[in-house]
Amino acid sequence: MSRHAAPRRRAPRRAPRRSGRSTTPFTVVALVGLAVFLLMPTGGTFAFWSDEGTMRSADFSAGSVDVSLDGNLVGTAANGGTWTQNSFALAAMLPGESKAVSFAVGNAGTTGLTYAIRGSATGALAPALRFSVYVGGTATNTGTAASGNRTGTCAGTALAQNFTLGGVENEVVSQRRTIGAGASETVCVIAKLDSAADNSLQGTTGTASFVLDGRQVGV
Amino acid sequence: MRRATLVVLAVLGAWAVVSVPGTTAAFTDAPTTKTGTFAAATISAPSSIGCTNELNHDYVDLAWTASPNTGYRVTLWDANNTDYVTLAVLPAGTSSYRLDADAATQYWMDLGYQTVYVRGVAGGNWISNNYATRRINHHYDLWGYNAICA
């Protein structure tokens, strides 16, 4: 005989229990505070519109002071260089003979410049050499060695005349001259063996150097 | 002064120099142009003096060679080699001289053997330390003064 279990009675559904108490302000504040607290570590999660602008300059470039000598030594990389004028020489000089040479002093830089001239000379003949510097004129050389009458002359304006040079650089043209960017002017130099050179100077030699001391304008 | 004091003063001095206002830099360029070589001549003496007689002995021709030929001074010394007269100062390139026995300047000469000196000169100031010589015989006869290469 089978057993028939008596049907179990379903327990009546219980209505949700209501506490009967209303949510307190304290609870609301706590929940809001909790929410704020939870949001804080992840900050920036609120999008915001923005804009910014950049002011960019054009290029700033340094000016350059670049003295060229007859088109040589162009470029700041060659600043302070040396250019030897082999044609400015004279062999078998006799007292009173001279040689002149002219060359262009140019401003290959981007700003105006001023320049002065310093000079020095070496060799046993140096004390008997007389130099003169002109500006704005070219050189002319006449005469022959056979006649012992070689003569160099310069046109233009004399800046310094009949000076000697020693082993230490001396300023020979102190009044600074101005050359605009890209411009040039002609400088002419005469080297003369003193007419009263001592007899003991026979067979001696000498050389000279001139420094074109260029600076930016305004200093 | 103690060394430490000197060091402190040096440091302060250097600081003072560096801290001087108004040291704005200036762009510069100072190229150099060098000349070639200026060489003084060496005045050379003639190596020898040739002498040629004129048929009637009115004069003798003196000639020489030298390099460089910068010019010469021709002098005639008396028989005792104690005094002289300058016969000529020749320009560069000229290396001969005719010694005329009848020329007025020659009347100064002593009679007999005398010596011609030739020195290189230049520029009016320079003169060779060396020289060449040539003896001549200066004499007088019915035809006047005569010069003969000796």
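Visitor: In what order do the strands of the open sheet of five strands in chain A stand, and with which pairing?

Guide: In general, the strands of a sheet pair through backbone hydrogen bonds, in either the parallel or the antiparallel sense. In this predicted model, the order of the open sheet is β1-β4-β11-β6-β9 of chain A, and the pairing is antiparallel. The edges are taken by β1 (67-69) and β9 (157-163) of chain A, and each has a single partner strand, so one side of each lacks a neighbour in the sheet. On average, and with direction ignored, neighbouring strands of this sheet are turned by 20 degrees against each other.

Visitor: Over how many bridges does β1(A) pair with β4 of chain A?

Guide: The antiparallel pairing of β1(A) with β4 (residues 98-107) of chain A runs over three bridges. Within β4(A), A:V105 is the residue opposite A:L69.

Visitor: How many bridges join β4(A) and β11(A), and how many join β6 of chain A and β11(A)?

Guide: Nine bridges join β4(A) and β11(A), in the antiparallel sense. A:G106 has A:S184 of β11(A) as its bridge partner. On the side of β6 (residues 129-135) of chain A, seven bridges link that strand to β11(A), again antiparallel. There A:Y134 faces A:C188 of β11(A).

Visitor: Is strand β11 of chain A mostly covered or uncovered?

Guide: Strand β11 (residues 184-193) of chain A is mostly covered, with seven of its 10 residues buried.

Visitor: Which residues of the largest nonpolar core touch the most other members?

Guide: The general idea is that nonpolar side chains in soluble globular proteins tend to be buried together. Here the largest nonpolar core has 43 residues, and A:V105 and A:F131 touch the most other members. Beyond four places in sequence, the contacts of A:V105 include A:V67, A:L69, A:Y115, A:I179, A:V187 and A:L212. There is also a second, separate core of 21 residues, and among them are B:C51, B:L90, B:A132 and B:C149.

Visitor: Where is A:A116 placed, and is A:A116 buried or exposed?

Guide: A:A116 belongs to strand β5 (residues 113-122) of chain A. With a relative accessible area of 0%, A:A116 is buried. When neighbours within four places in sequence are set aside, A:A116 contacts A:E171, A:V173, A:S174, A:R176, A:V211, A:L212 and A:D213. Between A:A116 and A:S87 there are 29 residues in sequence and 23 Å in space, C-alpha to C-alpha.

Visitor: Why does A:S64 count as buried?

Guide: The cut-off for a buried residue is under 20% relative accessible area. A:S64 has 16% relative accessibility and therefore counts as buried. This serine lies in the loop between α1 (25-39) and β1 of chain A. Apart from residues up to four places away in sequence, A:S64 touches A:T76, A:G109, A:T110 and A:T111.

Visitor: What value does phi take at A:D70 and at B:H57?

Guide: At A:D70, phi is near 55 degrees, which is positive although the residue is not glycine. A:D70 sits in the loop between β1 and β2 of chain A and, at 40% relative accessibility, is partly exposed. At B:H57, phi is near 65 degrees, likewise a positive value in a residue other than glycine. B:H57 occupies the loop between β4 (49-53) and β5 (59-64) of chain B. Its relative accessible area is 25%, so B:H57 counts as partly exposed.

Visitor: Which residues of strand β2 of chain A form the covered face, and which the uncovered one?

Guide: In a regular strand, side chains alternate between the two faces of the sheet. For β2 (residues 82-85) of chain A, the covered face holds A:W83 and A:Q85, while A:T82 and A:T84 make up the uncovered face. Four bridges link β2(A) with β2 (residues 32-35) of chain B, and these strands run parallel. The bridge partner of A:T82 in β2(B) is B:T32.

Visitor: How many residues does the contact take from chain A and from chain B, and which residues of chain A lose the most area to chain B?

Guide: Chain A contributes 54 residues to the contact, and chain B contributes 29 residues. Together the two chains bury about 3,300 Å², with 56% of it on carbon and sulfur atoms. In chain A, the residues that lose the most area to chain B are A:L94, A:N199 and A:Q202, which together account for 15% of what that side buries.

Conventions:
Residues are numbered from 1 along each chain as its sequence is written. Chains are lettered from A and ligands numbered from 1 in the order in which they are written. This is a predicted model: local features need pLDDT of at least 70, side-chain atom pairs count only at pLDDT 80 or more; totals for chains, interfaces and linings use all residues. Side-chain values use heavy atoms; hydrogens and water are left out. Two strands pair if DSSP finds at least two bridges between them. Helices (H or I, at least four residues) and strands (E, at least two) are DSSP runs, numbered from the N terminus. Axes are lines fitted to C-alpha atoms, for helices over the stretch in contact, and angles run from 0 to 180 degrees between N-to-C directions. A nonpolar core is a set of buried Ala, Val, Leu, Ile, Met, Phe, Trp, Tyr and Cys residues joined through side-chain atoms within 4.5 Å. Buried means under 20% relative accessible area, exposed over 50%, partly exposed in between (1.4 Å probe, protein chains only). Contact means heavy atoms within 4.5 Å. Buried area is the accessible area (1.4 Å probe) that two parts lose on being put together, summed over both.
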